[in-house]
Each structure stands twice: as structure tokens, then as C-alpha cells.
Amino acid sequence: MDTILEFLQSGVLPTVLLVLRVLVPLLAFYVVWRCYTSFKKGQRRRDPVIMLWDEASGTRFPVLYWENSIGRSKSCDIYVPDATISRDHAVLMRRDEGWFICDTGSKAGVQVNGRKVEGRKLVNIGDRVTMGSTTLTLWNTDAQPREQRRLFTGFSREAASPLKLMMVATFTLLLVAVQGLCMGGELHPEQMIPFAAVLVMGWGLYSFSLGVLHRVSFEIETVAFLLSGIGIQLLAAYDIEGITTQIAAMLLGIVVFSFLLWFMGDMDRVAKCRLWIGIGALALLALTLLIGTGSYGSKNWIHLGPISVQPSEFVKIAFIFVGTSTLDRLQTKKNIGEFLIFTGACIGLLALMPDFGMALILFATFLIIAFMRSGSVRTIALVLAGAVLAVFVVLAVKPYVLDRFMGWGHVWDHINDDLGYQQTRVLTYIASGGFFGVGLGNSYLAPVFAADSDLVFGLLCEEQGLLLGLVVLLVFVLFIFYARSDVTRSRSTFFSIAACAAAGMLLFQTALNVYGATDVLPLTGVTLPFISSGGSSMISVWGMMAFLKASDERTYAARRASRRSMREKASQPPSRTREPSTQPPANSPSRRRTGSPSYGGGGRHARKEV
Amino acid sequence: MRTTGFRSMVLYILLAAFLGGLGYLLVNLFLNGGKWAMQPYNGHISGETSTVKLGDITDRDGSLLATTQDGTRLYSQDETVRRALLHTVGDPYGYISTSIQSTMSSKLSGYNIVTGLNNTFFNRLGSDIALTVDQDACAAAYNALGGKNGGVIVYNYQTGDILCKVSTPTFDPENIPEDLETNDAYKGAYLDNTLSSSFTPGSIFKIVTAAAAMERWPDSWSTITYSCSGSVELAGSDITCLHGNAHGTQDMAAALGNSCNVYFAQLANDLGAEALQAKAKEMGFNVSFDLNGISTMESTIDLAGANANQLGWAGVGQYTLLANPYHMMCLMGAIANGGEYVQPRLTQGADLLGEITGGSRQLVSSGEASQLKELLRSNVEYYYGDYLFPDGMNVCAKTGTGEVGEDKGPNCWMVGFCDSTVYPYAFAVVVEDGSGGIESAGSVVSAVLSALA
């Protein structure tokens, strides 16, 4: 014991801690980057799963996605140039039970084996789907898997094992925790408690996910685990008393994450609950407005005995649920009026609180969802114009709202008043931290108001260094790429849009937090996901992770595979494995001998055989 | 789903904006990180456990002006030196933003963006800065100012070394007066008058008017004569000479020596507002000068819409004209140096970047420079008297009394240089609420030059 204390008091300690702080961002970067590359490696190739065959013309249409629009519009996934077919005629989609065809308000209707379809209808290999004067037959694909060439493979060819990445992430957190242990030249054993708690939760989720549910991927969870751990350790050094809330919130967040993944497993269930989710969200906001309390001018907290929650954080999850949609629904209900009204109501209620940061986040998310649903630049422009108008109206009625933001861009003229006090401190202490930080517990930003929430990026950079701050930002940047690369591979546009909305929302929120604190943008007072102190925020960001995770088709693959093996009945949905389907269809079309059609040119459009 | 996939590109707009913001933040951090970190409130520097050691600041002879001992910042042992060099060295709180401790704080602390203010050997190193100023000359200047507010700046016009830079009101950084913020006597104490203030120039502006005449009439300027009866009526009101003295008929040299307002007011009207304005601009009015990266206060002239009377007063440095001492010193350096001034510097050692960015300019043509030098020399030789200054300095100078109205005394100026290879000094001195050019400013110049001799 004496030797330990002696070591802590010696001059060697600062150097050792500095070395740790150099290692942490490097390891964190390794985890974050390898999670992403492993995720990319594990993805299915873009090969057709089944195909549709037009006997009359001999055209083969590869079916590439889980949900495919069929129609005469060139933007359709399966583009059939037939005047009797509607622009967006039908949707062919894959569900657990097999392939479904769904009429999306076509004029001529859809017939399967000669029978008119109402709503959706299961189709099997060999079934004939008639739309207008075109009849397509469903076949297993005969295309060879295309060689994938990627210019940049991310420094390594193989995917890292989830176990290895979790181990490295744990080690990274250990290094942070050791810094907490040796804070200020004294032994702080209590700093290891949050570390242990985070460890138990992370590895608990790991065993549950891979051991019980037999999922194959754990990348997003690993990154979330790493960031939560870094955040909790940072806050433990800031205030060990309040860390219990944060740990409990992480636990709840993981529960919410798992629940949402289960919930989204059945899309019919989601469709049924959607209206109630929307109503619930609005009710929650209205309730907050009624009985909510809060300091510094906004009433955005509800106190339930000893617990206080910020309901608007949960509304973010509901917002995505209400906004996103499956392809068949997108095709039939083209306008976004309903969603627009919901958004308006949410933002209106938030503005009354007033919680402008959250209102802005929802608005940005709305723009992303609205564009992904409608693709109409005109709609977006109209909404934006409306929003600008609304802002002007608000400013005309309440001009003092602007006062808060008057310091923006010249905070150095307001070093000692409200307009620039916080931002100048953040900038000063980020600069003081340098690349590797001054060490846990050595912060001078800590006494500044909101150092653990709105200004937490400053605290992170001051104590742990700019490099770790950048790694944290990289995570949110990569979430965009996670969402983007899943967008046509997910099981439904429901997941694609939800993942893009979640990734966009997180990045936007990060931007508001980081740039607000550093005077690139006005200071609005939103949390930095994972890092900021705040239970509701922690729970909600884990909820966001569920959207990203759900859009990865592998999330549900293991479960379905096991269910299928129980039934011992492969009802002909195409194989999910990477091997090309070697088994030829029982009654293969006769023309097939004349040679395989080539899908090499991109596989999007069918090519006619010569 | 392909369409949805394509539309998800909208996320890249957000991403681009995010990266743009990040780039902006990082670039600013790399450019200004030192300045951001070196704030007086920064606990890593001023805190009790601070390991940051600011380097020493010394004068040109190596006398210690500021140092750090056991975590506290100590200044020169001589109180007069502390007061005289406050604006050059800096105050403990960093309020004097043009001081070395503010502008070169990151160099003094050994700060760098990679290790920040981390407890590494970098920040315990600190780096020392040797200034070009001479503490004795500064102390002499401070004493000679005799409690008056003003500014004194002297430099070597061949090497660019600033030898003396004193601004008053000032205070002792080791004994900060409690009524610093409330007492009117300390009003403006955080401003360096030589760099960040400008004053009504009065008669020293006649140098510019004379140069404009040399440009217009290169062959005949020296023979232009006007007759002076003590006052002249222009556009309905009088322009008067000091004390109403009638100087009679004079040429340029006599008028400059007598500082005859009537002569230069009429000359300004014959030149016209445009020509005078253009010449002033050429000689550095309405242009910002630069010292160690600090932009100094501009000298200003705006003759747009001035009537004959106002133009007359402008020709003798009144009207709305303002002059900055640092600029006037540069102008004197240029005249002494054949028209182009050497960029002044405050720190010794190879300062390659400063040399390049500082950039010298031609302020007057070489012909005008030598003619002006002759005029200014004759001022001292025949009108002010060489006995005022140390022997062999061969001083060329012009005095000025800028009337500021109200019930205050005039801004008393003396600008000039020594036309000597041994003492290549150019100077500008301004004393507020003084009694006369030679009495108030001339005595300061004399004291500084004596200290430098």
C-alpha cells in the first residue's frame, strides 16, 4: 500500500498517466474503425436473391432488395415498360413467411395465378403475377454472384471478431478508469465501481445478444458500449455522487434497445402501434407543458418523486416511429401531410416550453424523413420557407429570444458576461488540453455551469484530449455511413428511413452540442449523445442505436434461421448464404439453356436476352 | 428501395456541413489555440498547482523586465522601469492586449497545441524573450513626461529596433492601485497611446502639406511665398497664427521654422483638398500600420466637403485630423532613410515571419525625403536650437500643438530624427494637456536622446 502511495506521489505518475491518455484515443480509434470495417465486411453482397421472368418477352428482372417497387416509372426497382402498368404498380416484398406481392393502388390491379389480389398475397416460386398485360413468373436466381471489388478495404481484409473488439474496448475503458483511480495523486478506488458496472452491462448485452439470440454482429453495440463507458468515466471523475443515475440510465437504455429490437421484429405490430405511439408522444409533451418544471426558463422536466425525466428525449424515438414507413405504404400514401401535422404539433409544444434545441433537432430529422419519403425538393423548400416564416413570427412576438444568441461569433468580446462566458471557457480549456488532455479530475472547466452537459465536449477534450474528442465525433460520422450502407440492404424502407433518421438526428444533435459550445453555432443547450450527463438522454440514444441495429438485416437473420430450422420447411425464400444457389429450379424455363443472362452491368435493370 | 437508397444521399449534405464546421473549429484552434489558452482566467496558468512557467522578458541589455519565480510573475526591480514599460511588457491580468505578455503569451509559456498546458517539460520550459527596448531610455522618458498623459516612441530607423516605448497614464504592475477602475486619472491606462491612440497633430502635419507642395511644384516650392499678418480670412472666418504673431513675407523654410499657420493654410488652399488628401494617404494616413502582428490605430484625414477655412485648418493639422504616434515615427524613419521606412520591431532575434509580413513601404519619394530632411534640420538649427539636444545628434524635427478645444491644453508634439549614422533614431512624442511643443515634448525628446547617447 505504501509503495502504491509512494508511486502516486512520485513524479513518474504524470508521465504514466500521459502515456495512458495517448493510448486511449489510439485504441478507441482502432475499435471504432474496425467496428465499421467489420460491419462492412459482414454485409451481404448486392446479388439478386430471386428473379422475375417475363415469358412473353424473355426479360429477366433480378430482384435485389427486400422490398421492390414494380411499375412503369423508371425509378422503380423493377421497371416494366408496359403502358398498361401504373407508375407505381405493386410492391414485391420479403417477410419472414416468404415473398408477398402487394398492390399499391394500381389501375389495372394485380393477379396471382389468375386471381385478383386484395392487399398483400404470399407468392411462391413458380407463381405467375399478372399486372396489366405483363405476366411475370417468380424464379430462383440463376445469376452468378458478382465479384466485388472495393478500392479501399479499410486497412484489412477480414472482419474482426466481435469478441476481440469488445476486449479492446474493455481494455480502453480500463485505461480510462485507471486514470480515475490515480486522480490527483491519490487513490480513488470508488472510481472503479462505474467501470465495473459498465463492464457488467456491456458484457451482459454481449452474452445475451450472441449467446442467447445467436446474433452474428455486435459492432454498433460495441461502439455504444465504448462511448457510454468513456462518458460515464468522465462524469464519475466530475461528480462521483451523481454517477448512479447515469449507470442506471445506461442499463435502462440497454433494456430499451433490446425491447425496440424485439418490437421491430414484427412490422405488423409496429404498424398497429404507430398511431398510439404518435398520440402518446404528443400527450407526453402536453403533459410536460402542464406539470413540467425546469430551471433557466424552460419547462422540459417532469419530476416523479426522486426521479426526474426529460420527456422530449423519448419523443425523439416516437418521432422516428411515426415518420418512417414500409415501401408499400409509401407507395399508396404518397403525401406526408399526416407526418407534417405531427411534426408541427411536436415542435409547437416544444417551442412553448421553450426547448428550442430539441425543436431544432426534430425539425432537422423531419427534413431527412420527409425527403427520404417523398423525394420532393419542392415540399422541402416549402416546409423550409414555412419554418423561416414561423421563426420570423416568433421573433416578432418575442424579440428577447434572440438576446441569448447575441454573443454568437464574437464571444471574445463577452469573456465575462453571459453571452460568451461559457464558450470562451470551453475554447480556452480545449486549447489547454492539447491533443492528450490534462488528465481526469484536473479540469478547470468543471466549475462552469453545464460543464457536464452542454459543454461536455470541452470537458472531454480538456481532460482526455482533442484526439479522443475527435474519435467520439468520428463515431457519429460513421453512424451516417452505417445507415447509408444499410439503406438498400435492410429488410424494409421502414428500417432504412429509421436508421437514416436516427443517424442524421444524432449527428445533428452532436453538431448543435459541440459547435454550440465552441461558438461555431449559437449555444442552444442540447446534450452530446452518450457523453453528456442526463439519464433521459442516455436512454434515448441507446434507443436510437436500435434503429441503426434493426436496419442491419443480420440482426434478425439468426432468429429467423433458427425458427426455420425448427419448422424444417424452407418455403423457398432465397438462401441468405453467400454461396450461389446451386440447386436448379424444378421446372426451369426452357430458354435457360440458351445461356445465362448477364447481370454484370450493375444489376439494376433487367436486360433482354439476345 | 433503390429510390430510398438514392434519397438517403441527403445525409451527405448534413455530413458535409458537419465536417465543414469541424474544419472551421480545428483551423481556428490551430491558429488561435495559443491565444485561447493564454487567457488570464485560465486556471491551468494562474492556479496554485500551475506548472506553467512564463519565460523571462529582458531589455536590449539583458536587464530583467519580467520573470516567473515560484509561480508568481515578477517584474523589474525598479518601480520607474515597471511603470514605464507596463504597456510594452504587460499587466498581470492580460488586459493590455498589445503588450508582449498578451501577444506572445504562447511563446512565453512554451505552449503548443499538441501537449497543450499539460504537465510536460514543454510548459516548464517557457521561453525567454529579449526586447529591443532600452529600460533606461524608457525610464528617462517616463520621468520627463512628468505625470502628464501621452506617448513616447523611438526607434532605430536603420535596424528597426524600437528603443523606447512609453505610454501614460500607467501604473505599477506589482502594486496595482485599488482605484484603477474608478479613478479618472487612470482612464485609458490599458491603452498603449503610442499604438492604439491617435491625437490631433497640429503643426507636425505641416510636413505633409510641405511634401504635397514639393510634389506639385518640384522646382519652385522653395520660393513660394505668402505674407503673414498674424491672421487670414478664409471662407468667412479667420485662421490665426499662434499668439497672433505676424511673420511677414516668408518662404517655405521660414514658414516651417516659424510654424506659420497663415502660410500653410493658404498653401493648402492652393494645393486643393484632393491633392492634400492624396499626399496624406501616400504618407500613411488612413492606412493601418503593423507591429508584431498588432494593427495600430490609423491616422485619419477626411477632407471631403471641407470648405476653404476648414481646408486651411487641415493644412496646419487641425480640423478633424488625427495622427498616431507609431505612424508618425515610421514617417520620420522614412524621411531619414530616403523615403522608405524599416519595419520596426520589438523583439530581438531572427524574426523571419515578422520581417516578411511587416512589409516596409515607400512613404515619400527619395527627393522629397532629402528636401524634407533639410527643412527639418533647419528648424532645429535656426529656430529650436541644437543646445536642446545632446551634442552631435544632428536632430531634425518639427513641433506641433494640436488644439483640442474645451478647457484643456493642447496636444504637444515633437516628431523627428537624428541625421546621424552613430545615432540613427527616429522619434515621435506626444504630451496631452501640455504647454508648448518645445517645452512639453521637446524636453522629453531631449531626455530620451540623452539616455540613448
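A residue counts as buried under 20% relative accessible area, as exposed over 50%, and as partly exposed in between. Keep that in mind on this tour of a predicted model.

**Stop 1**

Select Arg120(A). At 33% relative accessibility, Arg120(A) is partly exposed. Colour by secondary structure and you will find Arg120(A) in strand β9 (residues 120–123) and Asp328(A) in helix α9 (residues 327–332), so the bridge links distant parts of the chain, 208 residues apart.

**Stop 2: a buried aspartate**

Next, select Asp552(A), in the loop between α17 (535–550) and α18 (554–567) of chain A. Is Asp552(A) buried or exposed? It is buried, with a relative accessible area of 2%. Show the side chain of Arg554(A) as well: a polar contact of 3.0 Å joins it to the side chain of Asp552(A). Leaving out residues up to four places away in sequence, Asp552(A) touches Phe39(A), Ser217(A) and Asp486(A).

**Stop 3: the nonpolar cores**

Select Met264(A), Phe321(A), Phe479(A), Phe530(A) and Trp542(A). These have the most contacts inside the largest nonpolar core, a set of 184 residues. Helix α16 of chain A (residues 493–517) gives this core its largest share, 18 residues. Zoom in on Met264(A): not counting residues up to four places away in sequence, its contacts include Phe321(A), Phe494(A), Phe547(A) and Tyr556(A). Then move to chain B, where Ile162(B), Leu303(B), Leu311(B) and Leu363(B) belong to a second, separate core of 115 residues.

**Stop 4**

Back in chain A, pick Phe356(A) in helix α11 (residues 356–374). Phe356(A) is partly exposed, at 26% relative accessibility. Beyond its neighbours within four places in sequence, Phe356(A) is in contact with Ala351(A), Val401(A) and Arg404(A). For a sense of scale, draw a distance from Phe356(A) to Met183(A): their C-alpha atoms are separated by 37 Å.

**Stop 4: one arginine, two partners**

Select Arg82(B), a buried residue at 12% relative accessible area. Which residue meets its side chain in a salt bridge of 2.7 Å, N to O? That is Asp172(B), which is also buried, at 4%. Asp172(B) lies in the loop between β6 (162–168) and α10 (193–196), while Arg82(B) is in helix α4 (residues 79–84), so the pair ties together parts that are 90 residues apart in sequence.

Arg82(B) also forms a salt bridge with Glu174(B), the closest N and O atoms being 3.6 Å apart. Glu174(B) sits in the loop between β6 and α10, 92 residues from Arg82(B) in sequence. With a relative accessible area of 37%, Glu174(B) is partly exposed. While you are in chain B, select Glu215(B), Lys279(B), Glu282(B) and Glu368(B) too, which salt bridges with shared partners join into one network.

**Stop 5: where the chains meet**

Finally, colour the two chains separately. The contact takes 41 residues from chain B and 61 residues from chain A. Together the chains bury about 4,300 Å², 70% of it on carbon and sulfur atoms. On the chain B side, highlight Met1(B), Arg2(B) and Phe18(B), which lose the most area to chain A. How many salt bridges are there between chain B and chain A? The count is 0, but 23 residue pairs are in polar contact across the interface. To finish, show α2(B), which supplies the largest share of chain B's side, 17 residues.

Terms used
Residues numbered from 1 in each chain as written. Chains lettered and ligands numbered in written order. Predicted model: local features only at pLDDT ≥ 70, side-chain atom pairs only at ≥ 80, totals over all residues. Heavy atoms only, no water. Contact = heavy atoms within 4.5 Å. Buried area = accessible area lost by both parts, 1.4 Å probe. Salt bridge = Lys/Arg side-chain N within 4 Å of Asp/Glu carboxyl O. Polar contact = N/O pair within 3.5 Å; in protein donor to acceptor, adjacent residues only side chain to side chain. Helix = DSSP H or I, 4+ residues; strand = E, 2+ residues; numbered from the N terminus. Core = buried A, V, L, I, M, F, W, Y, C linked by side-chain atoms within 4.5 Å. Buried < 20%, exposed > 50% of the residue type's maximum accessible area, 1.4 Å probe, protein only.
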